[in-house]
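Some labels used for a protein model rest on stated cut-offs.

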Amino acid sequence: MQVTIQSIIPDYFTPASSEVWSKNFEFQPNSKYLVKAVSGSGKSSLFNFIYGLNNRFSGSILFNDTSITSFSESDWTTIRTQKIAIVFQGLKLFPELTALENIQLKNILTNHKTEAEILDMMSQLEVDQLAHKKAETLSYGQQQRIAIIRALCQPFKLLLLDEPFSHIDEAQITNAIALINNEVTANQATLIIASLGDTYNIDYTKTILL
């Protein structure tokens, strides 16, 4: 899925000069991008614009030449279950549900992964032993790994990761990147990672300064 950005500017803050705001560019299919920025520059806003959660901007965002302003709520529901997966900076896990239940909330909509496949993914990120523990009892780094797995439990053509590794140690980042790369390849998808500066040893198509 190609995502075209055309001169977007947030309505609620004045962004600094960057390679994003007021510029025209494209996120090409089957590519990997790093959006590199300091805190407060609008990384999460950009992702929320693309994900359709925030329309407080001027300019245009197009998916395969179709403006996202034309999408209905039903369209967005389909897009968010079939086309775009995301790990929010705030994760948005349900604290009262177990780790496995949080993951299944996404997977149950599409039956994209079997429970055995989910448990294998959890094992790869060394959180399988936490499957039946409530999310509120997990460390933030453990919650980040659960949120990553949840995002991968759906079909997608675009994967958005907003500072996904900020509380994960180096060894587990390596494991997470391997899992993410495998799923991105399997889905023939585009990957966009927002980072304060770390590159995570990924071979990016392009780095964009925000």
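Q: What makes two strands count as paired?
A: Two strands pair if DSSP finds at least two bridges between them. The model discussed here is predicted.

Q: In what order do the 5 strands of the open sheet lie?
A: The order is β6-β7-β8-β3-β9, with parallel pairing. β6 (84–87) and β9 (206–209) each have a single partner strand, so they stand at the edges and one side of each lacks a neighbour in the sheet. From one strand to the next, the twist averages 15°.

Q: What makes helix α1 (residues 43–51) a helix that packs on the sheet?
A: Contact means heavy atoms within 4.5 Å. Helix α1 touches β3, β6, β7 (158–162) and β8 (190–195), and its direction makes about 155° with that of β7. Helix α6 (residues 170–186) also packs on the sheet, touching β3, β7 and β8.

Q: How do you know that the length of helix α5 (residues 140–152) agrees with its 13 residues?
A: At 1.5 Å a residue, the helix should span 18 Å. The end C-alpha atoms of α5 are 19 Å apart, which agrees.

Q: Why is α5 called largely enclosed?
A: Buried means under 20% relative accessible area. In α5, 11 of the 13 residues are buried, so the rest of the structure largely encloses the helix. Among the buried residues are G141, R145 and L152. The buried residues of α5 pack against β6, α3 (99–110), α4 (115–124), β7 and α6.

Note on methods. Residues are numbered from 1 along each chain as its sequence is written. This is a predicted model: local features need pLDDT of at least 70, side-chain atom pairs count only at pLDDT 80 or more; totals for chains, interfaces and linings use all residues. Side-chain values use heavy atoms; hydrogens and water are left out. Helices (H or I, at least four residues) and strands (E, at least two) are DSSP runs, numbered from the N terminus. Axes are lines fitted to C-alpha atoms, for helices over the stretch in contact, and angles run from 0 to 180 degrees between N-to-C directions. The expected span of a helix is 1.5 Å times one less than its number of residues. Buried means under 20% relative accessible area, exposed over 50%, partly exposed in between (1.4 Å probe, protein chains only).
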